[in-house]
Amino acid sequence: MKKQIEGSRAVAESVALCRPDVICAYPISPQTHIVEGLGELVKSGELSPCEFLNVESEFAAMSVAIGSSATGGRTYTATASQGLLFMVEAVYNASGLGLPIVMTVANRAIGAPINIWNDHSDSMSQRDCGWIQLFAESNQEALDLHIQAFRLAEEMSMPVMVCMDGFILTHAYEQVDMPDQAQVDAFLPPYEPRQVLDPDDPVSIGAMVGPEAFMEVRYLAHAKQLMALARIPEIAAEFEQIFGRNAGGLVRPHRVEDAETIVVALGSVIGTLQEVVDTMRDQGEKIGLLSIRAFRPFPLAEVRAALGGAKRVVVLEKSFSVGLGGVVSTDVRLALSGIQLHGYTVVAGLGGRAITQDSLLRVLGEAIEDKLEALTFLDLDWDIVNRHLAREAETRRSGPIAENLLRDLGVVGAKVY
Amino acid sequence: MLQVRIHGRGGQGVVTAAEMLSIAAFEEGRHAQAFPSFGSERTGAPVVAFCRIDDQPIQIREPILAPDVLIIQDATLLHQVDVFQGLKLDGYVLINSRHPFDELGLEDIAERFCRERFITLSATEIALRHLGRPLPNAVLLGGFAALTGLVGLDGVAHAIEHKFGGEIARRNIAAATEAYEAVADATRSGASVAGASQEATE
């Protein structure tokens with residue numbers, strides 16, 4: 001059924017259609033509306049049976065999720081930013097133990113300086129934790145991905161993060177097509193655990209493993225992610241058959257066939273980029289776009305196949321490895337091993353900085369002329385950066401950076417966006 | 001594509017207004033996207049929300065830089081925030097105030113744009129009368145429908161009902177309807193102020 005609703009509400013209703021047994025909830029912006037929505041659905045009885053647990057922290061949320069998943073319950077939670085960081089030890093345990101928890105990460109920057117707005121620093125910090133990471137381009141895809149995530153997680157017996165841009169998607173009202181219960185039931189069978197804590201058939205889960213087998217256990221986690229590489233597109237294809245929509249999969253190319261320049265990105269910026277690429281195509285530029293929809297496992301072969309024929313590749317990412325540059329770019333370079341082409345990294349949208357069509361047109365134009373720096377920060381305000389560097393060179397006690405920059409900028413509230 | 005930017009202060013229902021506008025457009029069979037630009041999340045702090053309406057699915061996600069319509073829910077922002085930034089030359093402007101532009105110091109700005117598309121509406125006054133609280137958001141949507149004709153009053157009423165329901169919806173719909181009629185009257189007669197009580201305009 002078509003509805004005009006908030007992204008968070010769409011995800012809450014979609015998760016409810018997946019019949020979770022346990023939901024662990026701890027609020028943090030911009031994820032809060034999702035678990036609030038689920039709380040309402042449990043309280044009203046629309047989602048039943050389901051145990052909705054208000055926990056005392058994110059660490060508790062993931063710990064409870066581990067317990068409930070190990071006892072055979074279909075388990076869901078959601079978090080963002082510092083919340084994800086706070087639960088990290090348990091996040092690694094969930095994947096190490098092979099527990100198919102599904103978690104939404106409403107992508108948000110990490111402090112300091114404290115910032116509630118969107119970028120990909122939070123989930124990227126967990127790219128090596130052993131969870132599958134799927135990225136949503138739109139609210140429709142976010143709700144569709146949650147349904148696929150439970151199926152994938154439970155088949156593989158490993159946890160899945162569905163990453164959706166905080167505020168840009170979570171707080172956006174737009175049209176979504178909400179599936180009905182029968183469709184979801186046809187796609188997602190009841191959870192059949194591979195391992196379960198059952199008093200009638202006792203086992204232990206979570207042995208200490210020494211040098212004799214630790215490498216092998218870790219390798220098996222990798223082997224499972226490689227199996228997921230094969231299953232993700234199959235599950236997306238089955239999804240499309242039942243629901244009639246293309247969602248998920250490993251990558252989604254747009255006009256890459258004869259493209260000399262290809263932009264690579266993930267998440268909600270794909271929509272704006274698609275407009276920009278179409279505009280540039282109309283102007284005669286041979287440009288295309290590749291959306292990475294599964295970031296872990298990373299689809300090396302698909303990325304190589306899509307980009308290998310291009311003259312230049314621009315990775316536009318909302319993440320940043322301080323002291324190196326791009327995060328996604330590093331993986332894209334690996335996919336292109338041995339292929340000669342111009343590679344550019346554009347770090348954009350950190351801490352909610354708007355990514356506009358005008359700025360994208362400018363930076364992609366510079367890339368096409370091969371005038372772009374290898375590492376570019378989109379719309380960086382060099383004025384306040386240089387002013388601060390000068391201040392530091394001049395005075396030892398130059399004061400806190402964040403406060404200094406805000407003072408240089410003046411009244412932020414006077415800006416329109 | 002039609003792009004609407006709504007300025008107001010935390011607590012005035014700015015984000016809700018954009019959401020309701022998107023629902024009204026959806027009810028009329030169109031595609032719509034509403035989203036906030038949250039700032040400090042404090043009561044009284046400047047807040048901006050956006051709404052795009054189109055006949056095709058909307059894929060861009062940038063803030064609205066060149067609006068076709070501006071709704072200003074709080075006139076005290078006029079000299080604090082550059083609310084007119086990027087406004088299209090033939091854009092519509094709806095300001096919550098009982099005062100005409102010249103009294104708001106906007107005569108020059110109104111002349112630069114399409115003057116007959118600028119109007120002030122005493123939305124807070126109408127809200128106080130119907131709701132007993134100074135919440136101008138639904139009232140201004142009624143005015144928006146009359147000023148622009150870009151959504152119907154029925155669509156606005158439906159969105160209010162969807163968002164609030166019950167008595168609160170009924171009162172807001174009555175207030176929005178009054179605003180719709182006041183703005184329709186004012187545009188017919190060429191007045192630049194709508195809905196101000198006799199006492200206020202004297």
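Predicted model: local features only at pLDDT ≥ 70, side-chain atom pairs only at ≥ 80, totals over all residues.
Residues are numbered from 1 along each chain as its sequence is written, and chains are lettered from A in the order in which they are written. Local features need pLDDT of at least 70 and side-chain atom pairs count only at pLDDT 80 or more, while totals for chains, interfaces and linings use all residues.

Student: How many helices and strands does chain B have?

Tutor: Happy to start there! Helices (H or I, at least four residues) and strands (E, at least two) are DSSP runs, numbered from the N terminus. By that count, chain B has eight helices and seven strands.

Student: Which strands are the edge strands of the open sheet of nine strands?

Tutor: Strands pair if DSSP finds at least two bridges between them. The order is 1(A)-8(A)-2(B)-3(B)-1(B)-4(B)-5(B)-6(B)-7(B), with mixed pairing. Each edge strand pairs on one side only, and they are strand 1 (2-6) of chain A and strand 7 (193-194) of chain B.

Student: In strand 6 of chain B, which residue is the bridge partner of B:N96?

Tutor: Strand 5 (residues 92-96) and strand 6 (residues 118-121) of chain B pair in the parallel sense over four bridges. There, the bridge partner of B:N96 is B:L121.

Student: Why is chain B as compact as a globular protein of its length?

Tutor: The radius of gyration is taken over C-alpha atoms, and the globule rule is 2.2 Å times the number of residues to the power 0.38. For 202 residues the rule gives 17 Å, so chain B is as compact as such a globular protein, its own radius being close to that at 15 Å.
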